[in-house]
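Here are my notes on this model for someone who has not seen it before.

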Amino acid sequence: MSDVSDSFLDRIIQLHRDLGIPDSYRDACKLPLYIEPDDLVDTEPDYYQRPQKLTRAAHEAWLSMSQAARLDGLNLLLISAFRGLDYQRDLIEKKLAQGQQITDILKVIAAPGYSEHHSGRAVDLSTDNCRALEVEFEKTPAYQWLNKRARGFGFTLSFPEDNPYGITYEPWHWCFQV
Ligand SMILES: [Zn+2]
C-alpha cells in the first residue's frame with residue numbers, strides 16, 4: 001500500500017519481531033495492512049462493559065442495524081469493535097504466555113497491523129444464550145438475520161468457511177465496507 005508510511009511499517013516490523021513473528025509473514029499474509037483511522041467515535045460499551053470505538057460511518061451503520069434487529073425481536077451484542085496495534089500485541093502475548101506456538105496463534109489471530117479490527121469498521125457480534133466468539137453463533141436466529149439483512153446496512157461476513165485468507169471460519173465477525 002502506497003499510503004503506509006515508513007514509520008508505521010517500522011512499528012509493525014518491530015512489533016512482529018518482539019512477538020517472534022517471522023519477517024516472511026508480511027509477504028505471505030493475504031490480509032491487507034490496516035492503518036488506524038483518525039475518525040473513531042465511542043459506541044455503547046460492549047457486552048463486558050468495556051468502552052469501544054468505531055469509525056463514524058461504521059458506528060452509524062451499526063446503530064441502524066442493531067435497532068432493526070431489535071425491532072425484529074433479536075438482540076445483537078457487541079463483543080469487540082476497534083482494536084489498536086498494542087491491543088492486538090497483548091492478545092498474542094497472552095496466548096504465548098499460555099504456551100501456544102506463534103504459528104498456531106496466527107491461524108486464529110491476525111498479526112498486529114493485519115487485523116480488520118484496526119480499521120474501526122469490524123465488529124464481533126453475539127446474541128443472547130450464545131457463547132461469544134464460538135461457531136455456535138451460526139445456529140442462532142441472530143446469525144440467520146444477519147445473513148439476510150446485514151448487507152443492506154453495509155456489513156459483510158469477512159471470514160466465511162474456506163475463505164481465501166486462510167483464517168478460520170468466524171460467523172461472528174462482520175465488517176462495514178466503505
Ligand atoms: Zn473479529
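1. The buried residues of helix 1 are F8, I12, I13, L15, H16 and L19. Viewed along the axis of helix 1, these buried residues fall within an arc of 160°, so they line one face of the helix. Please keep in mind throughout that this is a predicted model.

2. "Buried" here means under 20% relative accessible area, and "exposed" means over 50%.

3. What lies on the other face of helix 1? Turned away from the buried side are the exposed residues D6, S7, D10 and D18.

4. The cover over the buried residues of helix 1 includes helix 2, helix 4 and helix 5.

5. As for its dimensions, helix 1 covers residues 6-19, which is 14 residues. From first C-alpha to last, helix 1 reaches 20 Å, close to the 20 Å expected at 1.5 Å a residue. Just after helix 1, G20 takes a positive phi of about 80°.

6. The largest pocket holds about 530 Å³ of space. Its lining is made up of 26 residues, and the closest of them to the pocket centre are R83, L91, V108, I109 and L133.

7. Which elements give two or more residues to the lining of the largest pocket? They are strand 3 (77-80) and helix 4 (85-97). Helix 4 gives the most, with five residues. Helix 4 is also among the elements that cover the buried residues of helix 1.

8. Sorted by class, the lining of the largest pocket has 13 nonpolar, six polar and seven charged residues.

9. The second largest pocket holds about 210 Å³ of space. It is lined by Y25, A28, C29, K30, L31, T103, L106, K107, Y165, G166 and I167. Helix 2 (24-28) and helix 5 (102-108) are the elements that give two or more residues to this lining.

10. Which helix gives the most to the lining of the second largest pocket? That is helix 5, with three residues. By class, the lining of the second largest pocket has seven nonpolar, two polar and two charged residues. Helix 2 and helix 5 are also part of what covers the buried residues of helix 1.

Key
Residues are numbered from 1 along each chain as its sequence is written. This is a predicted model: local features need pLDDT of at least 70, side-chain atom pairs count only at pLDDT 80 or more; totals for chains, interfaces and linings use all residues. Side-chain values use heavy atoms; hydrogens and water are left out. On a 1 Å grid over the protein atoms alone, a cavity is a set of points where a 1.4 Å probe fits but cannot get out, and a pocket is an open set with protein on both sides within 12 Å along at least five of seven lines; lining residues have an atom within 4 Å of a point. Grid points are joined across faces, edges and corners, and a volume is the space filled by probe spheres set on the points. Helices (H or I, at least four residues) and strands (E, at least two) are DSSP runs, numbered from the N terminus. Ala, Val, Leu, Ile, Met, Phe, Trp, Tyr, Cys and Pro count as nonpolar, Asp, Glu, Lys and Arg as charged, and the others, Gly among them, as polar. The expected span of a helix is 1.5 Å times one less than its number of residues. Buried means under 20% relative accessible area, exposed over 50%, partly exposed in between (1.4 Å probe, protein chains only). The arc is that of the directions from the helix axis to the C-beta atoms. Contact means heavy atoms within 4.5 Å.
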